[in-house]
Amino acid sequence: MPSRKAEPFRWDNLVRLTHWGVAAACVANLWFNEAGETWHERLGYLAIILISVRLGWGLSFARGHARLSALIPRRGEFDQQARALQTRAPAAPGHHGSGKLAVWALWLIILATAGTGWFQNTEMGFELGADDWHEWCTWALQAMIALHLCAIVLTSWRQRSNLVARMLPHGTLRKSE
């Protein structure tokens, strides 16, 4: 069976900037910075700011698939996603049903991780054991990152699409994609 190609699709510049900024902040804080260091705290605040900017963008000026309303899973999208993966249909623009849920889950876990990191440094947070909450959030975040990466690889392979390229600068896609 000949390969069917998807329509070229790119996320807008602000979506890509906030995505890679949050990804860099998370990777740096999870695997390279020590808890309590100045950079660890600053990157946590940066993640909060970037997600807030992305949410504001999605509510205001974003178009199409970048709007927050486009990230609300609709009935039938999960069946449609399963059929597309089974038949190896080209990837559609935007996110499919489970991808939309994953976006919200990642944002919430990142905000919870950053929030509990801040809260553990308060007197009340210290008394309530927020350091344990923060650690649980980091484990949940690492699990979601692993799931996100596996889903990208699986979906890219099954649907014969380079989903990573949708998040890269414009000059990186070949004309055939």
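This report walks through a helix, a nonpolar core and a pocket of the structure above.

## About the model

The model is predicted, so to speak of a local feature takes a pLDDT of at least 70 and side-chain atom pairs count only at pLDDT 80 or more, while totals for chains, interfaces and linings use all residues. Residues are numbered from 1 along each chain as its sequence is written, and side-chain values use heavy atoms, with hydrogens and water left out.

## Helix 6

Let's start with helix 6, residues 130-158 (helices are DSSP runs of H or I with at least four residues, numbered from the N terminus). Its 29 residues should span 42 Å, and the end C-alpha atoms agree with that at 41 Å apart; the expected span is 1.5 Å times one less than the number of residues.

Among the buried residues of helix 6 are His134, Cys137, Thr138, Leu141 and Met144 (buried is under 20% relative accessible area, exposed over 50%, partly exposed in between, with a 1.4 Å probe and protein chains only). Their cover includes helix 1, helix 2, helix 3, helix 4 and helix 5. Trp139, also in helix 6, counts as exposed because its relative accessibility is 55%. Just after the helix, Arg160 takes a positive phi of about 50°.

## The nonpolar core

The largest nonpolar core has 18 residues, and Val22, Ile51, Trp107 and Leu141 are among those with the most contacts inside it. Such a core is a set of buried Ala, Val, Leu, Ile, Met, Phe, Trp, Tyr and Cys residues joined through side-chain atoms within 4.5 Å. Helix 1, helix 2, helix 4 and helix 6 each supply at least two of the core residues, with the largest share, 5 residues, coming from helix 4.

Val22 touches Ala47, Leu50, Ile51 and Ile110, leaving aside neighbours within four places in sequence (contact means heavy atoms within 4.5 Å).

## The second largest pocket

Now for the second largest pocket, with a volume of about 520 Å³. Of the 27 residues lining this pocket, Asn29, His40, Thr113, His134 and Thr138 are the closest to its centre. A pocket here is an open set of points on a 1 Å grid over the protein atoms alone, where a 1.4 Å probe fits, with protein on both sides within 12 Å along at least five of seven lines; lining residues have an atom within 4 Å of a point. The volume is the space filled by probe spheres set on the points, which are joined across faces, edges and corners.

Helix 2 gives the largest share of the lining, 6 residues.
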